Amino acid sequence: MNFRKILLSALISFMLLTSSMVFSQTALNRIKQDIFVLASDSLMGRSAGTKYGDKAAKYIFSRFEENGMEPKYQSIKTTTTEKNIYAVIEGSDPILKNEFIIMGAHYDHLGYKTKTKSGIIDTIVYNGADDNASGTSLVLELGRMIAKNKGDFKRSVVIIAFDSEETGLNGSSYFANSEDRYNDVIISKNTKLMMSLDMVGWLRQSKKLTISGIGLLDNPYQYFDKLSLKGDNTIKFKDFSRSLFTGSDHMPFLNKNIPAFHVTTGIKSPYHKPGDDAELIDCEGILELTNYFYDVVKNFANDEKVKPSGKNPAIKKPIPYNYWGFELGGGNNDHFYNKGNMTGKSDFLYSGGFFAHFSLNGYLAIKTGAEYNYKGAKRYETRVKAHSVSIPAILVLKAATPDNNFVLSVGFGGFYENILDSRATVNGIKVSHYLNQNLIGLQTEFELRVFRFVYGISLKRSLTNILSDPTYGKTNQNSTTFKIGYVF
Ligand SMILES: [Zn+2]
């Protein structure tokens, strides 16, 4: 830390103590103050679980109070001082006040590191002004505006400053999974929408606000209708967050199937670099966004039904116990002659069809469907090719993992097969059709299902005679099919 920085940090600490004297209390000055205090060197990069993180938390707590909210600490780990700070601003509607809109921003950042250059120790502080003093200042000011006008909001609004985002979304995860209550109502379970404001301090430079995740709601544009930003600043809506799997504080909420947006002015700022400083922040832009989100939150808080669309890429739909799908197969087929010393030779088999799988209980299921087959059979110089449709009825014995994602099964049953058309040739010369049209037989199947993919072997043997010409005696048709399938 050089002398200039020490002086600056001392000055800011002084300003912190005397903030009400230094700044006249306009909204813009409050935002400026929050950015400059949180991103000052005296807070050493606000790393979660450190005394500097704790200092930041205390400052934020007092700012909640000054802004007319009643904040609470929520410790997220018992071993360290990591904590969220939040306040509930109660809604005005006797019923809807038990539902919540959460506006959150993480306040922690990366901390600092020391470097020794020719014997001199240099401290490099990651001030994290855009990431995410900006979002913190926004939700603090937004909370102030809403608390002042809380009669205008039917649902309750939760303003929250998350800790420990940079170390793995710990603060937001804790809140999304916590059973913290307000008026005996569990907040996380009754949240209609969450928004994570992360890096919102570069509006002037990026000229763009990006709101990701609106595809999680039914008819989402109604909430943003008629609202816009000043000048040539645009708003870009995305159905889902592209950084869904690395994500920000909205992720833990998505994982709990709570609709959650990610809001940012982008990563034009020196992202995760020591240069992410307060002087570069567009505080007027933050104020404009605060006013914008005041209106947006009001729309969400007052709409009778904020309905999820049912689409959430973070949630993998479990495979139900009853399902259907399709299968494609390949293998071989032959005709087995019981009479004399005639022998059949196997030939090709292709199949494709649909199946349905109905569970009777955890161990037993019935499988049926309809399968088209194209297959051949050979004997000496005679070759038969036939098209058919087969309908199985199989009792399946299965062993499934509790999540039903892995299933190993064996099935026994029967099939009915209808030969649609057949063609016989001797040395390539066509001879008359000679297969029976209707067949019944036995079918055995071994199957492995991994998530939605099915791998299996099916063995079939006809019990009725495949040949219509009595001179050959009784002839069975045998087939082996290797299948791959997909469950819808
Ligand atoms: Zn961030």
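Leaving aside neighbours within four places in sequence, which residues is Leu140 in contact with? Asp34, Ile60, Arg63, Phe64, Asn67 and Met69 are the ones. The views below come from a predicted model, and they start with the whole chain before zooming in.

**Figure 1**
The chain holds 9 helices and 21 strands. Even so, buried residues account for 51% of the 488 residues. Look at contacts between residues at least 6 apart in sequence, and 73% of them join residues at least 24 apart.

**Figure 2. Leu140, a buried residue of helix 5.**
Leu140 is found in helix 5, which runs over residues 129–148. Is Leu140 buried or exposed? Its relative accessibility is 0%, under the 20% cut-off, so Leu140 counts as buried. The list of contacts that opened this set includes Asp34, a residue that helix 3 also brings to its contact with helix 5. For a sense of scale, take Arg449, which is 309 residues from Leu140 along the chain: the two C-alpha atoms are separated by 51 Å.

**Figure 3. Helix 3 against helix 5.**
Helix 3 (residues 27–38) crosses helix 5 at roughly 145 degrees, and the two axes come within 9 Å. The crossing is right-handed. Helix 3 brings Ala27, Arg30, Ile31, Asp34, Ile35 and Leu38 to the contact, while helix 5 supplies Ala129, Ala133, Ser134, Thr136, Ser137, Leu140, Glu141 and Arg144. Sorted by class, the residues of this contact come to 7 nonpolar, 3 polar and 4 charged.

**Figure 4. Helix 9 against helix 5.**
Helix 9 (residues 283–302) packs on helix 5 at an angle of about 50 degrees, with the axes 9 Å apart. How does that angle class the pair? Angles between 35 and 65 degrees fall among the oblique ones, and helix 5 and helix 9 are therefore oblique to each other. This crossing is right-handed. On the helix 5 side the contact uses Ser134, Ser137, Leu138, Glu141, Leu142, Met145 and Ile146; on the helix 9 side, Ile286, Leu289, Thr290, Asn291, Phe293, Tyr294 and Val297. The class count here is 9 nonpolar, 4 polar and 1 charged.

**Figure 5. His357 in strand 14.**
His357 sits in strand 14, which covers residues 345–359. With a relative accessible area of 5%, His357 is buried. Not counting residues up to four places away in sequence, what does His357 touch? The partners are Tyr321, Asn322, Tyr323, Ala365, Ile366 and Lys398.

**Figure 6. Gly369 in strand 15.**
Strand 15 takes in residues 364–379, and Gly369 has its place there. Setting aside neighbours within four places in sequence, Gly369 is in contact with Phe354, Phe355 and Ala356, and also with Ser390, Ile391 and Pro392. Ser390 is 21 residues from Gly369 along the chain, and their C-alpha atoms are separated by 8.4 Å.

Terms used: Residues are numbered from 1 along each chain as its sequence is written. This is a predicted model: local features need pLDDT of at least 70, side-chain atom pairs count only at pLDDT 80 or more; totals for chains, interfaces and linings use all residues. Side-chain values use heavy atoms; hydrogens and water are left out. Axes are lines fitted to C-alpha atoms, for helices over the stretch in contact, and angles run from 0 to 180 degrees between N-to-C directions. Helices (H or I, at least four residues) and strands (E, at least two) are DSSP runs, numbered from the N terminus. Angles under 35 degrees count as roughly parallel, over 145 as roughly antiparallel, 65 to 115 as roughly perpendicular and the rest as oblique. A crossing is left-handed if the near helix is turned anticlockwise from the far one by less than a right angle, and right-handed if clockwise. Contact means heavy atoms within 4.5 Å. Ala, Val, Leu, Ile, Met, Phe, Trp, Tyr, Cys and Pro count as nonpolar, Asp, Glu, Lys and Arg as charged, and the others, Gly among them, as polar. Buried means under 20% relative accessible area, exposed over 50%, partly exposed in between (1.4 Å probe, protein chains only).
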